[in-house]
Number of protein chains: 4
Amino acid sequence: MIQAGVVGATGYAGAELCRILSGHPQVELAAISSVSFEGKALSEVYPAYFHMCDLVCGTEEQVVEKSDVIFAALPHGLSQELAAKCWAAGKVFIDLGADFRLESEEEYKEWYENSFTHPELHKEAVYGLPELFREKIQGKKLIANPGCYTTAVPLALAPALRKGYIEKEGIIADCKSGVTGAGRKPTQGNHYPELNESFTAYKVAAHRHTPEMEQTLSHIADSPVKLTFVPHLLPVNRGILATCYARLKEGVTMEMLREAYEEAYGGEYFIRLLKAGQVANIKNVRYSNFCDISLHMDQRTGTFIAVSAIDNMVKGAAGQAVQNMNLAFGLEETTGLKLFPPAF
Amino acid sequence: MIQAGVVGATGYAGAELCRILSGHPQVELAAISSVSFEGKALSEVYPAYFHMCDLVCGTEEQVVEKSDVIFAALPHGLSQELAAKCWAAGKVFIDLGADFRLESEEEYKEWYENSFTHPELHKEAVYGLPELFREKIQGKKLIANPGCYTTAVPLALAPALRKGYIEKEGIIADCKSGVTGAGRKPTQGNHYPELNESFTAYKVAAHRHTPEMEQTLSHIADSPVKLTFVPHLLPVNRGILATCYARLKEGVTMEMLREAYEEAYGGEYFIRLLKAGQVANIKNVRYSNFCDISLHMDQRTGTFIAVSAIDNMVKGAAGQAVQNMNLAFGLEETTGLKLFPPAF
Amino acid sequence: MIQAGVVGATGYAGAELCRILSGHPQVELAAISSVSFEGKALSEVYPAYFHMCDLVCGTEEQVVEKSDVIFAALPHGLSQELAAKCWAAGKVFIDLGADFRLESEEEYKEWYENSFTHPELHKEAVYGLPELFREKIQGKKLIANPGCYTTAVPLALAPALRKGYIEKEGIIADCKSGVTGAGRKPTQGNHYPELNESFTAYKVAAHRHTPEMEQTLSHIADSPVKLTFVPHLLPVNRGILATCYARLKEGVTMEMLREAYEEAYGGEYFIRLLKAGQVANIKNVRYSNFCDISLHMDQRTGTFIAVSAIDNMVKGAAGQAVQNMNLAFGLEETTGLKLFPPAF
Amino acid sequence: MIQAGVVGATGYAGAELCRILSGHPQVELAAISSVSFEGKALSEVYPAYFHMCDLVCGTEEQVVEKSDVIFAALPHGLSQELAAKCWAAGKVFIDLGADFRLESEEEYKEWYENSFTHPELHKEAVYGLPELFREKIQGKKLIANPGCYTTAVPLALAPALRKGYIEKEGIIADCKSGVTGAGRKPTQGNHYPELNESFTAYKVAAHRHTPEMEQTLSHIADSPVKLTFVPHLLPVNRGILATCYARLKEGVTMEMLREAYEEAYGGEYFIRLLKAGQVANIKNVRYSNFCDISLHMDQRTGTFIAVSAIDNMVKGAAGQAVQNMNLAFGLEETTGLKLFPPAF
């Protein structure tokens with residue numbers, strides 16, 4: 001049994017990790033930590049977990065010591081030091097934060113106002129989006145788990161971009177996220193009476209996930225890609241819907257596009273390519289590691305539209321982290337992740 | 001592997017059954033049927049099930065033929081004929097409808113305007129509330145699965161009633177249910193804009209679950225019990241919260257009550273008796289087979305208050321049906337049912 | 001024009017007051033104050049108010065100086081000093097907090113852990129539930145505006161109690177409130193992902209509104225009344241539904257009850273007595289000053305059930321405060337309050 | 001007093017019209033009709049209206065006879081005949097449906113599969129978007145009231161387009177609508193358990209409002225404009241948020257854009273141009289006739305982003321219809337429409 005530990009277990013991503021790891025047949029949840037709730041059981045913070053996960057929060061040190069793999073669900077900026085400790089101890093480290101996602105320190109400085117404190121580790125880090133970079137992840141010890149938007153948008157666009165079916169200029173990602181993406185800490189904006197029956201955009205064309213998406217898409221296109229990214233906040237708990245727009249190259253047909261996506265994703269367990277006439281819906285992927293993708297075309301304007309839906313807490317965070325763990329340890333990639341999304 | 005079939009698979013309870021059975025290690029979902037969607041895959045009706053359960057709906061006959069156990073999730077009145085077929089074929093039949101729940105044909109006629117078409121079968125039927133009537137269910141072939149309210153209320157009151165700690169007169173069950181309890185068929189009242197931001201009582205002191213609760217509580221008390229039952233409709237998908245009030249007998253203390261509940265439920269996997277200071281919440285049992293119960297007392301007025309929470313679709317329908325199947329087949333009762341409720 | 005001022009204008013009740021007063025034909029909103037947002041426009045705190053109420057928050061002193069009537073929407077305990085200032089200045093003072101609601105200092109101490117700092121003022125204060133105590137309110141200068149639960153429950157029970165149709169013992173008020181009742185300040189419990197799809201009881205038989213309801217009902221019954229009160233929190237913004245249970249006296253019929261309510265409320269603009277077969281619903285009173293009441297009976301158990309619905313922020317707070325202002329100033333009671341509840 | 005009538009009063013737009021007209025100081029709601037509910041009071045269909053609007057539904061003929069202005073809230077295709085009757089009788093006719101919105105019969109045939117049965121009337125019809133075409137509406141007798149999306153999108157883009165600050169090619173309107181836009185009739189998709197916690201796009205690049213928006217924008221640009229329009233369905237009752245993307249022309253700055261919008265909308269009561277740093281939110285315009293607009297720019301990609309928010313049932317339907325009535329009758333345009341949006 002792999003001994004797994006979670007640092008930052010009482011945040012939403014951490015709690016979801018504990019839930020998913022509890023159902024993994026080859027994992028034992030060995031230790032968890034939380035700065036805010038040290039000494040308290042996870043089930044005191046989340047009464048839903050009562051009798052299912054009554055593990056008590058310890059310290060980061062205890063987690064590192066007891067675990068073969070350490071998942072970190074920490075605020076940005078706090079993972080580098082921990083990564084170094086895990087690396088030194090020969091442990092696998094999977095970071096759900098942003099510290100190791102960007103390859104360029106310059107961009108990291110610009111968007112996160114932070115620097116690479118352990119540049120040598122950044123060279124070891126791999127970007128954990130398995131459907132696009134699987135070979136690079138297998139057997140690795142330092143994995144940067146992508147953010148939620150940065151999973152949904154590249155998966156929606158990659159096959160069309162790789163084939164050169166869409167223009168690299170003028171891509172637009174209009175995304176809508178459930179509230180859990182903003183974390184467990186109460187804020188005025190996420191106070192129930194203020195968010196309920198509300199809908200708005202935020203950080204318009206200024207969200208930190210922008211350079212991360214561009215990095216992924218540039219790798220796929222093998223040349224620089226820029227995009228316009230506008231996130232919105234949905235009054236629902238879970239889910240991200242990404243509506244992505246790109247100009248079609250001359251002569252590209254729906255058949256060519258569909259074929260490209262079938263080729264890219266036909267063998268992927270976690271990607272469900274929807275049939276013509278269907279549209280991806282966050283409802284259908286909740287509590288699962290699926291990414292649903294539907295393809296559309298506006299022939300009147302020559303626009304390609306790809307809609308993707310994920311559960312921001314599963315494929316957009318904890319589920320994908322476990323998928324990466326499976327790759328790192330050489331397990332079958334879907335182990336513990338065949339989560340059946342409920343109908344309602 | 002037990003071959004299981006679901007008649008009425010495209011209704012909410014039926015669909016939930018298919019999801020839960022798909023995760024049961026000793027069951028194969030052999031066949032499903034639906035009058036409205038014959039010939040269609042379940043995943044066409046519920047796109048969430050795409051790739052997870054693409055079974056095609058056949059006929060009732062096919063289900064009976066292919067299955068060792070038949071679950072029926074049908075409108076009231078349609079189960080008796082099917083039960084007779086299953087009985088004749090030697091199959092286990094678990095009815096999620098109301099046809100076999102009431103022992104008294106008179107009450108059945110009064111509340112359901114229907115009669116016992118197969119009186120001999122009604123003698124064979126057992127009432128499937130395992131935490132109260134486990135021994136009667138084991139190894140049986142015709143099981144009437146309780147309704148949702150009728151699971152939540154008796155579980156909340158049984159230990160106090162059995163010990164004679166509360167008066168049998170004047171019991172009040174003020175219950176609040178999520179919308180899935182009303183089924184898949186769209187109605188004006190459950191149209192999104194009409195139900196959203198709404199809350200009301202319905203069938204005030206006139207709901208069909210009343211005699212069923214009274215039957216259970218009368219068995220527990222070993223003498224006739226009547227209660228006032230008022231259901232309300234909550235703008236949420238899943239869950240029932242039952243707030244039950246009863247007059248305390250002289251001299252009964254909180255310690256005595258708590259001890260009675262520990263004694264009754266301490267060994268029950270699916271009942272979580274909450275600690276003092278906590279209150280049962282539907283959020284904490286969603287997507288699980290748990291029944292959370294919290295105990296309270298109004299010393300100023302001598303009133304006992306028990307609050308119970310279940311997921312109406314799991315412990316209140318499909319989950320409990322599988323629990324009954326486990327009992328019927330002699331399996332460990334929790335097999336396939338250790339469902340971990342998500343934190344959000 | 002009456003010059004009106006609001007102290008604590010940026011809380012939910014204060015903001016709602018500003019909105020309602022802005023539509024009152026005989027009132028000018030002269031000044032508002034807020035400790036947290038002094039110097040900021042109300043529309044900066046609530047962007048919905050942009051161009052409609054851009055008044056800047058000043059100090060409490062400024063409000064008292066500029067206003068003929070001062071509404072206080074302050075946390076409990078802060079109103080007594082302010083009331084004294086207003087009284088000294090000859091102004092009308094309407095308190096939306098609890099400081100002047102309880103007549104007994106002993107009960108105030110027990111439930112609020114506070115004492116009467118100005119006992120002489122408490123003698124002047126009247127309890128502002130117009131439908132029950134109208135004559136006492138007219139022309140008065142110090143009015144204690146009832147809380148939300150304490151409006152909904154007494155209005156539901158008063159006519160039956162006054163006529164002696166129900167027992168004074170064993171009354172149960174099972175109430176369900178929208179989230180705005182808990183105020184503007186974000187908390188873990190009201191964080192969107194935690195409250196959404198949730199439902200629970202809180203402060204079971206221990207809520208501060210209990211003695212206030214008992215005080216009102218005791219006045220109506222002209223002898224001490226105790227009741228069991230259990231509040232619940234609904235995942236909706238606005239509304240309170242009170243489901244009230246009482247034992248019927250022998251021989252009381254539905255006709256007698258209905259007649260008693262018609263007699264008591266037939267002339268009340270703000271009380272809508274629903275027809276037989278209908279049930280009060282919070283949806284139907286949102287954004288209005290109405291209290292809808294429906295009457296029911298469980299003949300099997302001899303139980304009277306009255307269901308009332310109000311908008312907790314209007315009839316349960318700001319609207320009723322304006323109604324009291326109208327009475328204090330000798331205006332037609334409905335002035336500025338004929339608010340039409342939307343259908344959706 | 002203007003005698004007003006509503007044909008199709010029991011649909012959502014019709015009911016909202018009745019509510020708004022009831023508060024209009026120069027209007028008397030003279031008659032209403034409904035095919036489905038003839039002979040029933042509007043308050044039987046919408047219990048929220050009890051005591052506020054108990055008018056009984058009559059026939060279309062009665063409405064035409066008793067009214068000076070007839071509002072039609074009918075399914076597409078049913079307004080032409082009624083318009084002819086009103087025209088013949090010299091009445092003002094305001095159509096909330098689509099029959100008179102498109103100038104080109106060809107487009108009407110393509111998108112609505114219907115033809116112009118009274119071509120001479122189509123020549124008389126004016127398009128009732130007052131902020132863009134006010135002069136054409138004043139004093140007119142046949143007004144086509146725009147749809148909801150077709151109000152939100154053109155208002156968001158018109159000033160930039162008129163000034164030539166954005167490219168006419170490649171405009172994208174990613175829109176999100178509340179559920180009331182889909183009407184009162186229950187459907188599977190809008191059944192509460194299916195829509196709650198869901199979010200998806202629908203009619204991707206194939207919605208009937210597309211040619212209507214293009215018609216308006218082409219008038220503004222004085223040359224053909226095409227756009228890509230993707231609507232989404234939000235799990236909220238009211239509101240439309242339109243996120244509009246367009247490529248900026250060389251040298252255009254945020255200052256120039258802001259100035260253009262100030263110039264266009266500075267004097268418009270119903271348009272609130274938000275300050276820099278704010279983003280339009282459907283919450284802030286609910287129950288009001290406001291259109292909030294915020295302006296944004298993605299300098300990295302040269303993209304202009306305008307976000308607009310309206311209440312789909314008010315500025316997107318009933319409120320705008322009354323605004324058009326005011327223009328038709330020479331009243332002050334804001335009469336009866338200074339609706340104060342609640343904070344929550």
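Here are a few exercises, each with a worked solution, on a predicted model and the way its chains meet.

Residues are numbered from 1 along each chain as its sequence is written, and chains are lettered from A and ligands numbered from 1 in the order in which they are written. Because the model is predicted, local features need pLDDT of at least 70 and side-chain atom pairs count only at pLDDT 80 or more, while totals for chains, interfaces and linings use all residues; side-chain values use heavy atoms, with hydrogens and water left out.

**Exercise 1. Find how many residues chain B and chain C bring to their contact, and how much area they bury.**

Step 1. Take contact as heavy atoms within 4.5 Å. Chain B then brings 44 residues, and chain C brings 44 residues.

Step 2. Turn to area. The size of an interface is often given as the accessible area lost when the parts come together. Buried area here is the accessible area (1.4 Å probe) that two parts lose on being put together, summed over both. For chain B and chain C the value is about 3,600 Å², with 58% of it on carbon and sulfur atoms.

Step 3. Look for the residues of chain B that lose the most area to chain C. They are Glu197(B), Phe199(B) and Arg300(B), together 20% of what that side buries.

**Exercise 2. Describe the polar links between chain B and chain C, and the elements of chain B that take part.**

Step 1. Count salt bridges (a side-chain nitrogen of Lys or Arg within 4 Å of a carboxyl oxygen of Asp or Glu). There are seven between chain B and chain C. One of them joins Glu214(B) to Arg300(C), whose closest N and O atoms are 2.5 Å apart.

Step 2. Count polar contacts. Such a contact is a pair of N or O atoms within 3.5 Å; within protein, one must be able to donate a hydrogen and the other to accept it, and residues adjacent in sequence count only if both atoms are side-chain atoms. Between chain B and chain C, 26 residue pairs are in polar contact, both residues at pLDDT 80 or more.

**Exercise 3. Work out how chain A is related to chain D.**

Step 1. Superpose the copies by least squares on the C-alpha atoms of residues with pLDDT of at least 70 in both.

Step 2. Compare the surfaces. Of the contact residues of chain A, 100% recur in chain D, so the same surface serves both copies.

Step 3. Check the links. Chain A and chain D have seven salt bridges across their interface. In one of them, Glu197(D) meets Arg286(A), with the closest N and O atoms 3.9 Å apart.

**Exercise 4. Trace the open sheet of chain C, then the one of chain A.**

Step 1. Let two strands pair if DSSP finds at least two bridges between them. In chain C, seven strands follow the order β9-β10-β8-β11-β14-β13-β12, with mixed pairing. The edges are β9 (200–201) and β12 (271–273) of chain C, each with a single partner strand, so one side of each is left without a neighbour in the sheet.

Step 2. Follow one pair. Strands β8 (residues 171–177) and β11 (residues 240–247) of chain C run antiparallel and are joined by six bridges. Here Asp174(C) stands opposite Thr243(C).

Step 3. Now take chain A. An open sheet of seven strands there has the order β3-β2-β1-β4-β5-β7-β6, with parallel pairing. Six bridges join β1 (residues 2–7) to β2 (residues 27–33) in chain A, and Gly5(A) stands opposite Ala31(A).

Terms used. Helices (H or I, at least four residues) and strands (E, at least two) are DSSP runs, numbered from the N terminus.
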